[in-house]
Amino acid sequence: MSSIESAPLVILLQDDHLLIVDKQPGMPVQVDRTGDPSLQQQTQSLFPAGSVDIGSPHRLDRPVSGVVVFTKSIDALRGMDEIFRRGGVQKTYLAIVEGRTPAKGECSHILGHAGGSRKAKVLEEKDADGRNAKLTFTTKALGERFSLLEVRPEGGAFHQIRAQLAAIGHPIKGDVKYGARRGEPDRSIALHAWRMRFNHPITGTLLELKAPMPTRSIWPALLALAEGDT
């Protein structure tokens, strides 16, 4: 068993309908073409066989960490699918990027798939596969070679944050797929789904979830420079 598989699951919230956890980088949320154990399978294993059917209404990329929502009932899965579909989830990420960024920034692109490479591509104009994508960011800390950003995406396109930050010349640390100088030893990238805000799909209660801060790589140093803003 790998260290990822054996790592304890950090549960941020659990009730009769939802199970929300802090994903560690390296494990896919759902079973993918590698066949490696998934976070969905790990959460399913918490319950006796046949007692709960864990649903997965969204994903985080494999090398990304942070808040992931699972459902424990079919009504909750349908409800979360609808909430995500209509943009009812407010997501805030933290990212460490190469270079020194301005205090605030905004970018808009049309994103599509780059052939069979499992990579997003910035398009010159919208085609049948293109999606409008927008994000805003605030710089929380500046290091010598890297910046810590708070990022809010809009649009939900494939690899949106990774592709858009790379497109403006600031690839995410470790994200060699999108132009980072070098990868991380654990193959993670410095992107963390930090906060998520939405109304409970069954009760309607406003939920605000926050994942613990990463402790790998240079995260602690840049978070310390942020002087408690995060």
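This is a predicted model: local features need pLDDT of at least 70, side-chain atom pairs count only at pLDDT 80 or more; totals for chains, interfaces and linings use all residues.
**View 1. The largest nonpolar core brings together 37 residues.** Those with the most contacts inside this core are F70, L148, V151, I161, L165, I172 and L191. Several elements each supply at least two of its residues, among them strand 2 (18-23), strand 3 (65-71), strand 7 (131-142), strand 8 (146-154) and helix 5 (219-225). Strand 4 gives the largest share, with 5 residues. If you look elsewhere in the model, you will find a second, separate core of 14 residues, which includes A76, M80, I83 and L207.

**View 2. L191 and its contacts from beyond the local sequence.** With neighbours within four places in sequence set aside, L191 touches V64, S65, Y93, L94, A95, I161, R162, I172, R216 and W219.

**View 3. Helix 4 is mostly covered, with 6 of its 8 residues buried.** The buried ones are Q160, I161, R162, A163, Q164 and L165. They pack against strand 4, strand 5 (104-113), strand 6, strand 7, strand 8 and strand 9. Take a moment for G169 as well: just after the helix, this residue adopts a positive phi of about 90 degrees.

**View 4. K121 sits in strand 6 (residues 120-123).** Is K121 buried, partly exposed or exposed? K121 counts as partly exposed because its relative accessibility is 46%, which lies between the 20% and 50% cut-offs. L111 is 10 residues away from K121 in sequence, and their C-alpha atoms are 5.5 Å apart in space.

Terms used
Residues are numbered from 1 along each chain as its sequence is written. Side-chain values use heavy atoms; hydrogens and water are left out. A nonpolar core is a set of buried Ala, Val, Leu, Ile, Met, Phe, Trp, Tyr and Cys residues joined through side-chain atoms within 4.5 Å. Buried means under 20% relative accessible area, exposed over 50%, partly exposed in between (1.4 Å probe, protein chains only). Helices (H or I, at least four residues) and strands (E, at least two) are DSSP runs, numbered from the N terminus. Contact means heavy atoms within 4.5 Å.
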